[in-house]
Each structure stands twice: as C-alpha cells, then as structure tokens.
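Here is a short briefing on one protein chain. Take a look at the model, then work through the points by topic.

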Amino acid sequence: MRRIAIQSLLHDRGKFLAALAGVSFAATLVLVQVGLYAGFLSMASGIIRRTGGDLWVMPRGIEVIDNSEPMSGAARAVARSHPCVRRVRGMIYTFMPVRKPRGTPDAVTLVGYEPDDDPVVPWTLHQGLPRDLHGPLRAAVDHVDLRKLQIEGDALGRTLQVNGHTVRIAATTAGMRSFTLVPFLFAEIDNARRIMHVAEDRASYWVVDLHDPRCADDVAARIGRHRDLQALSTARFAELTENHWVRESGAGSALGFTAVLGLVVGVVIVGQTLYAVTREHLRELATLKAIGGTDGEIVRFVAWQAALLASLGGGIGVLISFAVREGISSQGLVVILSGEVLALGLGAVLAMCLVASVWSVRAVLQLEAAEVFR
C-alpha cells in the first residue's frame, strides 16, 4: 500500500509540486515564527540570564528589568547580612538620553556591570577586548546598532553624548540587542554611575550569589522583611520580564497568529491535493476493497501520502528557515532554531498534513466495493 500511495501521488507531478510547495511554505512560516518567538524571549531576558546569580534584589513592586530605579548601598548591606551569601554584585540598567554625532536626540539602555565579573558582561565582543573598557567613560555598543546611532565606518574611538557626558566607544558587541530595539550601552559600573550622576554605592539591582542555592528562599525572605525591598530568583525575574514584553505586549499573539495562518494555508493546499489524488483513484481503491482490502489498509493509502508530504515539505522548510535566519540576523532580529523549536514546528507540520487528509479519509471510508462495477 505504501508503494501504491507514493506512486499515485508522484504520478501527477504538478499537483505533487503544488502540495509540496504549500507544505514547505507552511513549515518555513511556522519554524521562523516560533524561532522569532524564542528569539524575542531570549532578547527580553538576555541580560538577566547572562548576568546570572541566585537572587536579584530590587525595590518592591518591580517585575520588569526595564522598570528600574537606583538603590543605595544599604540594600547591598541587607543582602550581605545573611551567612549564605557569597557575593553581591552591582548592576546598572536604565534608559539614558543620547545625542548622536549629527545632533539627533535618542535614547540608549545603559548597562553597568562590575569588571572582572564571572560570568563576564558583555559576553560576546565583535571588536575590542574587555580590558579596552577599563578607561574612564568607555563603553561598548552592538555593531548592528551603529547605523541607528549614526556611527559609520570604524566605530572604535568614536564618541556619543550620553546624559551630558562624552562617552568613547572602545568595543562593539555581537548579538546583544534589546527586545525594545533601544541600543544597549555597556560600561563598567563606575563609568555607568558617572554617566547617571549617582553616588558610587548605588545600583539598579544587586545580584546575589549564594554559597548554597538551597538557601535562596531563606535569603529572599530575610530581604523581603524590609518593606522597600524584594528578592526574586534569576529564573523568576527573567520569566516576569519575558511575560511583560513578549506575551502581554501582544508580540507573541501576533507571531502566533501568523504561524496559524501559515498552517491554515498549508491545510487548504495539501487537503485539496490529497483529495484530488484520492478522487482520481477511487475505482482502484474500490477494486482493492472488493478483493478483501480492509478500511485500515485503504486509509493507509492516504496516510502514506500525507506522511511523504510532511517529511519532504518539513525538510525543505527547515533548510529555508536556516537560510532566512541568516538573512534577517543582519537586521538585528534573533531567530532561535533549537532542537525544541524544530521539534515543535515539524510536529505542527505533521499535524497539518494529518488534518488535511481528513477529507480524503472520509472519501475512502465511504467508498463501496460496488463502485468498481459502475
């Protein structure tokens, strides 16, 4: 039955290629949209997850990393007071006004980190070395954001006016962009405080590393007894930020709608093709039924055709998706095609082909053996 089904599908090459194109298009659309969704999640919480730590100390009520405000060194002392705390790191994360080289006003997201940290921030440099950021008012921006900041040619050594300070670009990063597309400006925390005009003991967040992660709840509870402070785990803080920017903002719904639309188009194209092929072979299928073929064997005729289209179309869709990812990465969009994303996307494509085969399955189940004598 498998051989007959496949040969029947390949016999009319025009219909077969049309169905294959539909499955490939749907697979590409689904994989790219799911990859974009995963990429947006990564961009929204990338700073949190890369900075790491066991707990993040912040003003009470903060649920998104972007909604930060400076805290005094007293909050750091509160976090350090627990014996399970191994280290407390300062983190600056705030929006700052910037004036581009041509005088145009804009904004950047200032990220201040403690030098010689582990893990290292910024974690991927395109030009320059971490030690190049040690000097006064030195910073790094992503190389994709240089055009937005009106910096052409070699960026190293160029300057930006950030909150009234002349900041020199000493390095560029790669793949480190914000979900809001506001450029990141990475600087050592002392430089970030100077740019912000805040005291040397202040930070937007205090990142807590513990001797034993199992005491995280106890440390968080002690910090939470202070009415103005709260402590969230890194995973929880990242999840809240992702929910805010991707799920609650509507971006996730838009991506999901586009993916579903691609599946609907694929269902229609594949369903029409399978039904047309089945209608053309009703007499042959009736003959098989007349000589003792069971309904299950007849249904497998359609199932093998759907499986072939899903396999070939899904494979082509994967290849196109990787090409699309490379093409749009230069625009600063992140498409993550991990094993989980590929499994989810290809599973959706297989389900699409199975749904598309329903009309053909109904036709063969309603088939009477007497059809062969008409």
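Strand S8 covers residues 184-188 of this predicted model. S8 is mostly covered, with five of its five residues buried.

- Strand S3, residues 105-113, runs parallel to S8. Five bridges join S3 and S8.
- Leu110 has Leu185 of S8 as its bridge partner.
- Strand S5, residues 138-142, runs antiparallel to S8. Two bridges join S5 and S8.
- In S8, Phe186 stands opposite Ala140.

**The largest pocket**

- The volume of the largest pocket is about 370 Å³.
- Its lining is made of 19 residues. Nearest the centre of the pocket lie Ser42, Met43, Gly46, Gly175 and Val334.
- Which element gives the most to this lining? Helix H2, residues 13-51, does, with nine residues.
- Sorted by class, the lining of the largest pocket holds ten nonpolar, five polar and four charged residues.

**The cavities**

- Rolling a probe the size of a water molecule over the atoms shows where empty space is left.
- How many cavities of 30 Å³ or more does a search of the whole structure find? The search finds two.
- The largest cavity has a volume of about 60 Å³.
- The largest cavity is lined by 13 residues. Closest to its centre are Met43, Ala44, Ile65, Tyr93 and Phe184.
- Met43 is also among the residues nearest the centre of the largest pocket.
- The lining of the largest cavity has eight nonpolar residues, four polar and one charged.

- Is Asn191 buried or exposed? Asn191 is buried because its relative accessible area is 8%, and the cut-off for buried is under 20%.
- A polar atom of the Asn191 side chain lies 2.9 Å from the backbone oxygen of Gly135.
- Leaving out residues up to four places away in sequence, Asn191 touches Leu133, Gly135, Pro136, Leu137 and Arg138.

**Thr166 in strand S7**

- Strand S7 runs over residues 165-173 and includes Thr166.
- The side chains of Thr166 and Gln161 are joined by a polar contact of 2.7 Å.
- Not counting residues up to four places away in sequence, Thr166 touches Leu137, Thr159, Leu160 and Gln161.
- Thr166 and Leu137 are 29 residues apart in sequence. In space, their C-alpha atoms are 7.3 Å apart.
- Leu137 is also one of the residues that Asn191 touches.

**Gly157 in a loop**

- Where is Gly157? Gly157 sits in the loop between S5 and strand S6, which covers 159-162.
- Gly157 counts as partly exposed, because its relative accessibility is 34%.
- Gly157 touches Arg168 and Ile169, not counting residues up to four places away in sequence.
- Twelve residues separate Gly157 and Ile169 along the chain, and their C-alpha atoms are 5.4 Å apart.

**Helix H3 and its cover**

- Helix H3 covers residues 73-80. Its buried residues are Gly73, Ala75, Arg76, Val78 and Ala79.
- What covers these buried residues? The cover includes strands S1 (55-59), S2 (85-99), S9 (205-210) and S10 (229-233). It also includes helix H5 (216-224).

**The whole chain**

- The protein chain has eleven helices and ten strands.
- Of its 374 residues, 49% are buried.
- Among contacts with a separation of 6 or more, 83% are between residues 24 or more positions apart.

Key: Residues numbered from 1 in each chain as written. Predicted model: local features only at pLDDT ≥ 70, side-chain atom pairs only at ≥ 80, totals over all residues. Heavy atoms only, no water. 1 Å grid on protein atoms, 1.4 Å probe; cavity = no way out; pocket = protein on both sides within 12 Å on 5 of 7 lines; lining within 4 Å. Points joined across faces, edges and corners; volume = space filled by probe spheres on them. Helix = DSSP H or I, 4+ residues; strand = E, 2+ residues; numbered from the N terminus. Nonpolar A, V, L, I, M, F, W, Y, C, P; charged D, E, K, R; others polar. Buried < 20%, exposed > 50% of the residue type's maximum accessible area, 1.4 Å probe, protein only. Pairing = 2+ DSSP bridges. Polar contact = N/O pair within 3.5 Å; in protein donor to acceptor, adjacent residues only side chain to side chain. Contact = heavy atoms within 4.5 Å.
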